[in-house]
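Please look through the sequence and the model shown here, and then follow the paragraphs below, which go from one part of the fold to the next.

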Amino acid sequence: MSSADPEHREEEEAPAAGDDEDTGAQVAPIVKLEEVAVTTGEEDEDAILDLKSKLYRFDKDGNQWKERGAGTVKFLKHKVTGKVRLLMRQSKTLKICANHLILPTMSVQEHAGNDKSCVWHARDYADGELKDELFCIRFPSVENCKSFMETFQEVAESQKKEEGEEGSAAAGLLEKLSVEEKTDAEKKDEKSEGKTEDKESTKQETEADAEKKAEEPASSA
């Protein structure tokens, strides 16, 4: 009888058929997560070029090239200012590898011995502070490398033109301000001249009155 007891207990403890069946009831989640808007910092910019590549930076201390990351390199043009920057993020982590403006003085050159790579200097802000860097970027194809170099040079030329237009506009503004300042100065001079004339006329009238008073006692005597 003792050997039959465990079996009897197992039968009693076994769940009845149908207990695991889906009843169709919906259980509300304990924690409700709100949707959060994610910003990339690129919302006010338009992508001019977008290519997959691998980036390297030259390590001066070690005198060698070090890999910076593999991902997508972009030229982003600001919708308001018209400024263009180069931005590259690693493909998986989205960590920034390069982030700098394309300036009129910048140029890009093909890397010696490799027509799929090119190099350039820049003051980069990827690490949160401006650093002078020598970059080398490598593409899967020669066509992509040429497209990158052509776009780079076109952007630098366009920034040179915009810089010239901004300089002309600034010069015109300064000239206008100098003219306005000159006009104000002339007005001040006219006012000061008018005050001087008033003082001189008042002085002359005072002297005339004094002479008249001096003559009156002599005539009465």
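In the largest nonpolar core, which has 25 residues, the members that touch the most others are Leu 86, Ile 102, Trp 120, Ile 137, Phe 148 and Phe 152; a nonpolar core is here a set of buried Ala, Val, Leu, Ile, Met, Phe, Trp, Tyr and Cys residues joined through side-chain atoms within 4.5 Å. Two or more residues of this core come from each of strand 1, strand 2 (64–78), strand 3 (84–90), strand 4, strand 6, strand 7 and helix 2 (142–220), and helix 2 gives the most, with six residues. Helices (H or I, at least four residues) and strands (E, at least two) are DSSP runs, numbered from the N terminus. This is a predicted model, in which local features need pLDDT of at least 70 and side-chain atom pairs count only at pLDDT 80 or more, while totals for chains, interfaces and linings use all residues. Residues are numbered from 1 along each chain as its sequence is written, and side-chain values use heavy atoms, with hydrogens and water left out.

The strands form an open sheet of seven, in the order 4-3-2-1-7-6-5 and with antiparallel pairing, where two strands pair if DSSP finds at least two bridges between them. Strand 4 and strand 5 (109–110) are the edge strands, and each pairs on one side only. Strand 1 and strand 2 are joined in the antiparallel sense over 14 bridges, and Phe 58 stands opposite Trp 65 in strand 2. On strand 1 (residues 45–59) there are also four bridges to strand 7 (residues 131–138), again antiparallel, with Lys 54 opposite Arg 138 in strand 7. Strand 7 in turn pairs with strand 6 over eight antiparallel bridges, where His 121 has Leu 134 in strand 7 as its bridge partner. The hairpin of strand 6 and strand 7 has six residues between the strands, and Gly 128 takes a positive phi near 90° in this hairpin.

Ser 117 also has its place in strand 6. With a relative accessible area of 2%, Ser 117 is buried, a word that means under 20% relative accessible area, as exposed means over 50% and partly exposed in between (1.4 Å probe, protein chains only). Apart from its neighbours within four places in sequence, Ser 117 is in contact with Glu 110, His 111, Cys 136, Ile 137, Arg 138 and Cys 145.

Met 106 lies in the loop between strand 4 and strand 5, and is buried as well, with a relative accessible area of 11%. Its C-alpha atom is separated by 7.6 Å from that of Trp 120, 14 residues apart along the chain.

Terms used:
Contact means heavy atoms within 4.5 Å.
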